[in-house]
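Student: I would like to learn how to read a protein model. Where do we begin?

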Amino acid sequence: MNVKQKTIKGEISVQGVGLHTGASVTLTFCPAPENHGFKFQRVDLPGEPIIDADCDNVTDTARGTTITQNGASVSTVEHVMASLVGMDLDNVLIKVDGPETPIMDGSSIKFIEVLEQVGLALQSADREYFTIPHNITYTEPERSVEIVAMPLDDYRFTCMIDYNSPVLGSQHAGITTIGEFKKEIASCRTFCFLHELEYQLQHNLIKGGDLNNAIVIVDKEVTKDELQHLAKIFNREEIDVAPQGILNNMELRYQNEPARHKLLDMIGDLALVGVHLKGHIMAARPGHAANVAFAKKIKAAIKKEKGKKKINVYDVNAKPLYDVVDIMKILPHRQPFLFLDKVLELSKTHVVGVKNVTMNEEFFKGHFPGAPVFPGVIQIEAMAQTGGVLVLSTVPDPENYLTYFLKIDNVRFRSQVLPGDTIVFRCDLVEPIRRGIAQMKGVGMVGERVAVEAEMMAQIVKVKDSDSTK
């Protein structure tokens, strides 16, 4: 059973300050159509530019994850992204009226709460998953970072952190399925070491920082004067060091809350891959830069696997969806210029057609009769006719339309097709059909062997009035 895409039922907002900018910001979650994905919109800028939540748009990972597109940026997106994945969503527009998302309490729980409040809406389109096909690894030896994604029919995380801190020690965290995110991970807050906090304060890097939205780990000897200075900065009567080795402004929600927060960050950063993942992610000492680099490796693997999907092996003897008589009710072509024998599959976005190559073809009389090879131009025509079935299936009266191909690009002939071969053509829409114009990627296969590839653009044009044919 296919999983359907989800969005939210209505708009809902949260308000807060950006951790690093200190700017007051309103963030609004908005419903989005099918196949929209996650996008941010800077409503405070001219033209209200949109930024795709995509790892290829990441421009900074120094103190959080920043994405930039169309001349606009949004910083610290990871906690918001983690909440969207944790709520099992697919399509949401996130409007912000400032350069950074609100830090809230330093976790994702406040975003989860408002998303639950507005409710989820099921959509008609099927969700796309990417199942990790084999081990994908990423390492940074200089930082002892190691990340691996392994095949699994679920989304599981295991995370270890070790900063050579006697206070923090080595910590582990994990979830066996993404459904555990809300209970086990969402409320875990960001953390920093005291020496980092002091540096950031001195360089005015955390204008929105507050002891209510971060765990501060005391990793050095600290004097009473230093504690009083911190108390003054954060408008506290006093600050001390708790027995756990953290500033006593808050209590840990979990003994391993820092490790759980690193796992939260990973989930948010890997959401920038752009599809739901299935696999077991194991990470040692991850950080935003490593997470984003790993996300790009996964995205490259997705692109590679999508290319392989066009090379499926089909049972050419299976009962066809359309035989040649059915095809002639859709296409205007006739012998000797009909190069499609049957259609095996047809959906809104793809079609699979079959051409049996025999020595009886008319063109073999003049095309290398002593060494017959299925002509490349005829292969492209057969692929185009296969794509024509897909395009014409979108109108109720295909007999009244013709398909004109506007452009064919990136044609590659990979291997010869000979008499006796059966060539299977698969055409996939690159994007939805608009104003009768379709863009398709096509591939022709003989068994497991790719014979031809091409990118095509076609337009369907009505040439008859359906009423006049009655």
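Tutor: We begin with contact, which means heavy atoms within 4.5 Å. This is a predicted model, in which local features need pLDDT of at least 70, side-chain atom pairs count only at pLDDT 80 or more, and totals for chains, interfaces and linings use all residues. Residues are numbered from 1 along each chain as its sequence is written, and side-chain values use heavy atoms, with hydrogens and water left out.

Student: Which residues are in contact with histidine 288, leaving aside its neighbours within four places in sequence?

Tutor: They are Thr61, Gly64, Thr65, Glu78, Asp265 and Asp269. An unreviewed UniProt entry lists His288 and His367 under "active site"; such annotations may be inferred rather than shown by experiment, and the positions follow the numbering used here, with feature names shortened.

Student: Is histidine 288 buried or exposed?

Tutor: Buried means under 20% relative accessible area, exposed over 50%, and partly exposed in between (1.4 Å probe, protein chains only). Histidine 288 has 13% relative accessibility, so it counts as buried. Its place is in helix 7 (residues 288-309); helices (H or I, at least four residues) and strands (E, at least two) are DSSP runs, numbered from the N terminus.

Student: How are two packed helices described?

Tutor: By the angle between their axes and the distance between the axes. Axes are lines fitted to C-alpha atoms, for helices over the stretch in contact, and angles run from 0 to 180 degrees between N-to-C directions. Here the axes of helix 1 (residues 78-86) and helix 6 (residues 257-270) come within 7 Å and cross at roughly 80°. Angles under 35 degrees count as roughly parallel, over 145 as roughly antiparallel, 65 to 115 as roughly perpendicular and the rest as oblique. Helix 1 and helix 6 are therefore roughly perpendicular.

Student: Which residues of helix 1 meet helix 6?

Tutor: Glu78, His79, Met81, Ala82 and Val85 do, and their partners in helix 6 are His261, Leu264, Asp265, Ile267, Gly268 and Asp269.

Student: What about strands?

Tutor: Two strands pair if DSSP finds at least two bridges between them. Strand 3 (residues 24-31) runs antiparallel to strand 9 (residues 92-96), with 5 bridges joining them. Phenylalanine 29 stands opposite isoleucine 94 there. Strand 4 (residues 38-42) pairs with strand 9 in the parallel sense, over 5 bridges.

Student: What should I look for in the backbone?

Tutor: Most residues other than glycine have a negative phi, and most peptide bonds are trans. Threonine 76 has a positive phi, near 55°, and the bond from glutamine 335 to proline 336 is cis, with omega near 10°.
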